Amino acid sequence: MSEQQTLNRALSLGGASAISTGLAFAAINFLGMAQLLDYISGPMSWIAVLAGGLLILGVRAVFSELNGMYPTAAGIRLWMSQAMNDRLALIITLTYMTAIVLVIAADAFIIGEAIAYAFGNGHLIAIVYVAILLVLATWMNLRGIKLAGVAEQIVTTIVVVVTMGVGVIAIFHHGEAPPGPVGGGSPIQALILGIFLYTAFELVTTNAEEVVKPKIIPKAMLIAIIVLAVSQTIFTVAMGLTVDAAGRATAYPQLLVAQQVMGHTGMLVMLGVTALTAVNTFNGGFVTLSRFVYAVAREGKLPRSLTRLNDRAVPVVPVWILGISSLILAVVVAITGSWVMVVSLCAALEMMIYATAAFVVWRLRRKQADVERPFRLLGGRPVAIAFMVVFGVLALISSVTVGKETSATPLILLAILTGLVTLYVFTYVPRLERRDAEELAARRAARAQARAGKAQEPTT
Amino acid sequence: MSDEKETISAAELEQALKDYVEKANASPRARKTLATWSCRLHIVAVDVEDAAFTYVVEQGASQPIIVGLEGVPDLVVRGHSFDLAEIFWGDANPVSNYMQGAIKTQGRADDVMRLDAMAMFIFLGQ
């Protein structure tokens, strides 16, 4: 995007910042904060959140460089395929996309549990709430209803301001602080969860084509990181000062923070905030994933049935698949109570994509040395490789940890998922590609013949 | 997306666009599904001088192609003349070219998707 051009409906810095912040600030973040407090005491928890933010600034630099080179919604797919084998790029991209399904399922579960807690309903009713939420989200998406830019900014502003407000009140009006983590802390685990609180902020790069100035996206990411750092540091400290280990082990610790210091009304306010975070997650998640699946199917890498559109130009099958898979996952999480595992899985997938992005920067610095880079990662290849190693190690640690326990279950689940995707990419995709190549060759041949005939017309 | 692509002249690209507009208006599915879609597109071939066009869709109805760039666009599509022509001939689909980086866009992803949907309705008769 070297030329600057005016666009109707161009995305402003404020809009892009709200998107970046809103995508990162999901309901699951409250569970991330609660888990973080298992490793570090409340008053000191700001260190972990801010340290996570510092590393995330590096991630921002990595994504800024890649986004500057490929300012497109297809960026992640595009820059990966430039840096590595296309099959491998497809495997990583499709595996990474499951993180969005996990977050949608987790958010639905958290809100369902939170509503049930607020109104004194049982566990079964919570599952009903979850089902209603996901059916509603699926229906709205099928109808093509999505949050407009201004509404998105308002929702994100409310979430951030109210979370900070409740956090500040809790910090200044808390009772006796609960004891710190039992059995010693773990700085690495706290750091992973600190990073987790910012994840998905980078998805704003998929809006790169909507801005007229290339600088807007990196600036928006920076603003989002600052806003997330301040608001989540305040709330994490507040949670550490008000909610004990038992409360933090629930699926609604944020409600307990507000309830402790503001009573029932405060709890209902926080319930509203939790619901609003889901509006952003559902809005962004459903749209991003269903459109991405549609695009990959149109590219000829997924079955054609996924390109079917309804009368509102919405890709029907991806939306249904997303709705149903999120519902199944949310119900499984509700029944098994395995939301801690979801945090581990999401963290591992995000660290994996950050490590991959750093690898791509490292690789493209040599492979595409001449390509214009409006933004460059400071320190170049050595720093990129250092990021790759750091996030690779953090991904591995996340995938063998569930809460305070060491467990290989997340790693096994990820291995199964990656295995299935790999099997698909190596067995089915070649057939799709062959079919598409044959069809394209036939169309081109027919076109060449028609053009040749036309060219001869005046002389015959 | 090799460097050895054939160059399509501005006149041939204009004809491809005109044919596309005709087909778009003749497709009941495209008209119905995209009935709420309005978009001003600027289409620019980066390898041919003066190959720039304005294509306006109003409530799903394609307006006659304008030679040159007119008005403030909602979506800008740039690419090699051959990649652009293939899209409007129906040989390649917009999203596939877009995902592979053959064409570059500026504007909302929603508009890119609707442009692709239109191509799909016209050429695949979905």
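The model described here is a predicted one.

Chain B has 126 residues, a length at which a compact globule would have a radius of gyration near 14 Å; its own value of 13 Å agrees with this. The C-alpha trace of chain B spans about 40 × 30 × 25 Å along its principal axes. Of the 126 residues in chain B, 53% are buried. Among the contacts in chain B with a separation of 6 or more, 70% are accounted for by residues 24 or more positions apart.

One residue of chain B deserves attention for its backbone. Asp50(B) has a phi near 65°, which is a positive value in a residue other than glycine. Asp50(B) is placed in the loop between strand S1 (39–45) and strand S2 (52–58) of chain B. Asp50(B) counts as exposed because it has 10 C-beta neighbours inside 10 Å.

Chain A contains 16 helices and two strands. Its radius of gyration is 23 Å, close to the 23 Å given by the globule rule for 460 residues, so chain A is as compact as a globular protein of that length. Taken along the principal axes, the C-alpha atoms of chain A fill a box of roughly 95 × 50 × 45 Å. Buried residues account for 52% of the 460 residues in chain A. Of the contacts in chain A between residues at least 6 apart in sequence, 80% join residues at least 24 apart.

The helices of chain A may be taken in turn. In helix H2 (residues 28–36) of chain A, nine of the nine residues are buried, so this helix is largely enclosed by the rest of the structure. Among the buried residues of H2(A) are Ile28(A), Phe30(A), Leu31(A), Met33(A) and Leu36(A), and also Asn29(A) and Gln35(A).

Helix H5 (residues 86–118) of chain A has 33 residues. From its first C-alpha to its last, H5(A) reaches 48 Å, close to the 48 Å expected at 1.5 Å a residue. After H5(A) comes Gly120(A), whose phi is positive, near 65°.

Two packed helices are described by the angle between their axes and the distance between the axes. The axes of helix H6 (residues 123–142) and helix H12 (residues 316–336), both of chain A, come within 10 Å and cross at roughly 170°. Angles over 145 degrees count as roughly antiparallel, and the crossing therefore makes H6(A) roughly antiparallel to H12(A). On the side of H6(A), the residues in contact include Ala126(A), Ile127(A), Val130(A), Leu134(A) and Leu142(A), while those of H12(A) include Val316(A), Trp320(A), Leu327(A), Ala330(A) and Ala334(A). By class, this contact between H6(A) and H12(A) has 14 nonpolar, four polar and no charged residues.

Val130(A) counts as buried because it has 26 C-beta neighbours inside 10 Å. Leaving aside neighbours within four places in sequence, Val130(A) is in contact with Ala108(A), Phe109(A), Gly112(A), Ala330(A), Val331(A) and Ala334(A). Val130(A) and Ala330(A) are 200 residues apart along the chain, yet their C-alpha atoms are separated by 7.3 Å.

Ala313(A) lies in the loop between H11 and H12 of chain A. Although it is not a glycine, Ala313(A) has a positive phi of about 60°. With 22 C-beta neighbours inside 10 Å, Ala313(A) counts as buried.

The two chains remain to be considered together. Their contact takes 27 residues from chain A and 28 residues from chain B. On the side of chain A that touches chain B, helix H4 (75–83), helix H11 (253–298) and helix H16 (429–456) of chain A each supply at least two residues. H16(A) gives the most to that side, with four residues. By class, the side of chain A that touches chain B has 10 nonpolar, six polar and 11 charged residues.

Terms used. Residues are numbered from 1 along each chain as its sequence is written. Chains are lettered from A and ligands numbered from 1 in the order in which they are written. This is a predicted model: local features need pLDDT of at least 70, side-chain atom pairs count only at pLDDT 80 or more; totals for chains, interfaces and linings use all residues. The expected span of a helix is 1.5 Å times one less than its number of residues. Two residues are in contact if their C-beta atoms, placed from the backbone, lie within 7 Å. Ala, Val, Leu, Ile, Met, Phe, Trp, Tyr, Cys and Pro count as nonpolar, Asp, Glu, Lys and Arg as charged, and the others, Gly among them, as polar. Axes are lines fitted to C-alpha atoms, for helices over the stretch in contact, and angles run from 0 to 180 degrees between N-to-C directions. Angles under 35 degrees count as roughly parallel, over 145 as roughly antiparallel, 65 to 115 as roughly perpendicular and the rest as oblique. The radius of gyration is taken over C-alpha atoms; the globule rule is 2.2 Å times the number of residues to the power 0.38. A residue is buried if 20 or more other C-beta atoms lie within 10 Å of its own, exposed if 12 or fewer, and partly exposed in between; C-beta atoms are placed from the backbone.
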